[in-house]
Amino acid sequence: CSLKPIISIEWPYQGCNPEEDDDDSGTDHFNTEKSGTQLQRCERQGEVNSSLPDTFQTSHLLFYERFKAYQDYMLGDCKPSEVKAFAADYLEKVMEPCDWLALWSTDVFDVLVEVCDLDLKDLKACVRLVLPLQCDTRGCELTEEAMKSLLEATQHRLPLQELLVVYEQSGDFDLTALALEHLRFLYTHIWRQWDEEDEDDDFDYFVRCVEPRLRLYYDILEDRVPLGLVAEYRSLLEKCSQCFQQFSALRRGLSTDSDTELDNVSMVEGLKLYDQLETFKRKLHIIENPLLRYVLGYRGNASQQSVQSRGPRASGMKVVHVVTASCSTIQLQSLLSDRLLPLCSSEDTEIQFYRDPVSAVEMCHQGDVVLVLPGIYSVSSSIFLPDSITIEGFGLPDEVVIEKKNKGDSFVESTGADVRLSNIKFIQHDAIEGILCVRQGTLHMENCVLQCETTGVIVRTAARLTMNMCDLYGSKGAGVEIYPGSICSLVGNGIHHCKDGILIKDFADELDVMPSITMENNVIHNNEGYGVILVKSNNGEQPGDKQQGGVADPPNSSAGVQPESAENSSSTDCDVAAASGRKWHFIRQLSRNKETSCSRAVQDLMDHQIFVSIQGNQFRRNGMGDLGTFFY
C-alpha cells in the first residue's frame with residue numbers, strides 16, 4: 001500500500017461544524033462538481049492472481065487527523081457509556097447508507113460483498129454476496145455455497161469494522177471509507193473492554209482515554225518508546241483482558257440473592273480478581289499517561305540485554321584498541337610514550353587500530369582498553385558494553401567526540417561488571433531510553449561531557465554508577481534517573497538545562513530496595529523542574545498542599561484495593577464475602593478515593609535515608625525548586 005499521508009478532510013456538512021463562520025469555504029470538499037477522490041488507492045500487493053478490487057488507503061492517517069476526527073466529530077465530550085451511541089451518530093451523518101461495494105476482511109479470507117443497508121445501532125451493515133464469488137483465502141478453501149451459508153449464519157449482518165470500502169475515483173465514498181477507518185482504529189487501538197466499568201462515568205472519554213492512548217500509539221509507531229516498555233505494555237493489555245474475562249464470567253455466574261457457601265467463596269474469588277484487574281489497569285494508566293510514563297518508567301529486564309559478555313580471551317592476550325581516522329606524528333609519539341608503552345609493557349598485549357569506536361568496542365574482551373584519539377566520530381548504532389573494559393579519550397572531552405544520530409533505545413548501554421569511561425564527549429540524537437543506560441554491573445565515568453537530546457543517564461535496579469567531574473545537559477527528561485535498588489555516586493558534576501536534574505524513582509513495592517545515593521559537590525542549576533525530585537506513591541494519604549507551580553496534570557489515578565492475604569482461612573473468606581453483601585456490585589466498585597498526581601517542594605529531602613552522603617552541593621535557578629517530591 002502507498003505510504004503517502006492522507007490529505008486532511010474537513011467536515012462536509014454545512015451547519016454541523018460548531019466553529020463554522022459565514023465563510024463556508026472548505027466545508028464541502030466532496031462536492032460532486034470537484035475533481036474526484038482525495039484518497040490514495042491501496043493495491044493488493046503480493047496477490048498477483050487476485051480477482052478482488054483495490055480498496056481505499058486509510059490506514060496511514062497522521063496523528064492530528066485522527067485526533068481531530070475523534071475530538072471534533074466522532075466523540076466530542078462523550079462519556080464512556082456514550083461512546084457507541086456517539087460513534088453511531090457520526091457514522092449516520094457521513095456514511096453512504098447503501099449500494100456500495102466492500103471487502104469483508106477477516107484473518108482467514110477477503111470476500112467481495114455489496115452493502116444494502118446499515119444497522120448503526122449495533123454498528124453493523126446488511127450485505128449480500130457479489131456473484132460470481134470473488135474472494136482470497138488464507139490457508140483454506142472457500143466455495144460459493146460455504147460463503148452463502150456463513151452469511152446466513154450471521155443473518156447477512158457484518159461488523160462495520162470488518163469492511164473495507166472498494167476504491168472508487170468519483171470521491172463519493174471517501175467519507176464512508178474514512179469513517180470506517182476511524183471506527184476500526186477506535187475499537188482496535190483505543191477502546192478497552194473495561195472502559196465502561198468505571199463508576200465515575202461522568203468524565204470526558206476523549207481527554208482521559210482517547211488522547212493519551214492515541215499519543216502512545218504514535219509514540220510507539222515513531223520509535224519514541226523503549227522496546228522493553230512496548231513489550232511490557234502489550235503484555236499488560238493481554239493480562240488485563242484475560243483477567244477481565246475471568247472476572248466477568250464469575251460475575252455472571254453468581255446469583256444476586258443467594259447466600260450459599262459456594263457463592264460466598266466465589267464472591268471472595270471475585271474480589272481477588274477485581275483487585276488484580278485494578279492493578280493491571282493502574283499499570284496501563286501509568287504507561288499511557290506521558291507524565292507518569294516519564295516519572296515512573298518501567299523496570300528493565302536483564303534478559304533484554306542485547307549483547308552477551310565475551311569474557312577473557314582463551315589465549316590470555318590483552319588488546320589495546322586505538323581509534324583514529326588519522327593522526328599526526330606528534331600525536332602518535334605522545335600516544336606511544338604516554339599510554340601505549342605503559343599499557344603494552346608485557347608480551348601478552350597487542351595493539352589494534354580502528355577508524356570508529358563501535359568497531360573497536362565490538363572486538364573487545366574482558367580487560368581490554370580502547371584509546372580514542374581526538375576527532376568527531378559519528379556512529380549509527382548503539383554502543384554496548386557487556387565486558388569489563390576501559391574506554392579512554394586521549395585528549396580533552398571537547399576534542400574526543402562520539403555523536404549518535406540514528407534512533408535507538410539508548411546510545412551507550414553498559415552491562416559489564418566493571419566498565420570505565422573517561423575524557424569523552426557524547427552527543428545524543430534521537431535515542432529513546434537515554435544517552436547512557438547502566439542496566440546492570442558497574443560503570444565508572446570521569447571527566448566526560450554528555451550532551452543530551454532526549455533522556456540523560458539511567459541507573460537501573462541493581463546497577464551501580466560512579467560519575468565524577470562530568471558535565472550533563474540538555475535532557476528533555478531528567479539528567480540522571482535512579483531506580484530502586486541501585487547504587488549511585490555523583491561527585492563534582494554539573495547537571496543543568498534539563499527537565500529535572502536528578503529523578504529518584506520509588507515504585508512503593510515491597511520487593512523494591514531503596515537506592516543508595518551519594519551526592520557531593522555537584523552544581524545542579526537551570527533545570528526546568530526540580531534540582532532533585534523523588535517519586536513516591538501517596539499510598540492513599542494526602543500528598544499535602546500543592547505548591548504553586550508544582551501541580552502535575554495527569555488524569556486521576558485510583559487507589560488500588562489491598563489484596564486479600566493468602567493466609568486467610570476459607571471461613572474468614574466467607575465472612576468477608578458475607579460482609580460484602582449478597583448483591584454483586586463489582587461492575588461499579590472503583591474506589592472513589594482518587595488523588596490527583598502532584599509534585600511539591602520539600603525541605604527535608606536531604607534527610608531521607610536513601611542518601612548515604614549529601615554535602616557541598618549547589619542548587620541554582622531550578623524552575624520549581626531545589627528539592628521536591630512527586631506523588632502519584
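1. Ground rules. This is a predicted model, so to read it: local features need pLDDT of at least 70, side-chain atom pairs count only at pLDDT 80 or more, and totals for chains, interfaces and linings use all residues. Residues are numbered from 1 along each chain as its sequence is written, and side-chain values use heavy atoms, with hydrogens and water left out.

2. Strands here are DSSP runs of E with at least two residues, helices are runs of H or I with at least four, and both are numbered from the N terminus. Two strands pair if DSSP finds at least two bridges between them. Ile504 has Leu534 of β31 as its bridge partner. β31 is also joined to strand β37 (residues 625-631) by 6 bridges, again parallel, and there Leu534 stands opposite Thr629.

3. How enclosed is β31? Of the 7 residues in this strand (residues 530-536), 6 are buried, so β31 is largely enclosed by the rest of the structure. Buried means under 20% relative accessible area, exposed over 50%, and partly exposed in between (1.4 Å probe, protein chains only).

4. The largest nonpolar core. It has 62 residues, and Phe426, Leu465 and Ile502 have the most contacts inside it. Such a core is a set of buried Ala, Val, Leu, Ile, Met, Phe, Trp, Tyr and Cys residues joined through side-chain atoms within 4.5 Å. Strand β11 (residues 369-372) gives the most to this core, with 4 residues. A second, separate core of 56 residues includes Leu129, Leu163, Phe173 and Tyr218.

5. Ile502 up close. Leaving aside neighbours within four places in sequence, Ile502 is in contact (heavy atoms within 4.5 Å) with a set of residues including Val480, Ile482, Leu490, Met519 and Ile533.

6. Aromatic pairs. The whole structure has 12 of them. Rings of Phe, Tyr and Trp (its six-membered ring) pair if their centres lie within 6.5 Å; planes under 30 degrees apart count as stacked, over 60 as edge-to-face and the rest as tilted. Phe67 and Phe206 make an edge-to-face pair, 5.1 Å centre to centre with 75° between the planes. Phe67 sits in helix α1 (residues 63-74) and Phe206 in helix α5 (residues 205-221), so this pair ties together parts 139 residues apart in sequence. Phe67 counts as buried at 17% relative accessibility, and Phe206 is buried at 2%. Another edge-to-face pair is Trp104 with Phe109, at 5.0 Å and 85°.

7. Cluster and charges. Phe63, Phe67, Phe185, Phe206, Tyr217 and Tyr218 form one aromatic cluster. Arg66 lies over the face of Phe185, 4.0 Å from the ring centre, and Arg460 over that of Tyr483, at 4.4 Å. The test for a charge over a ring is NZ of Lys or CZ of Arg within 6 Å of the ring centre and within 35 degrees of the ring normal.

8. The open sheet. Its 8 strands run in the order β12-β15-β18-β21-β24-β27-β30-β36, with parallel pairing. The edge strands, β12 (375-379) and β36 (618-620), each pair on one side only. Strand β30 (residues 523-525) is joined to β36 by 3 bridges, with His525 opposite Arg620.
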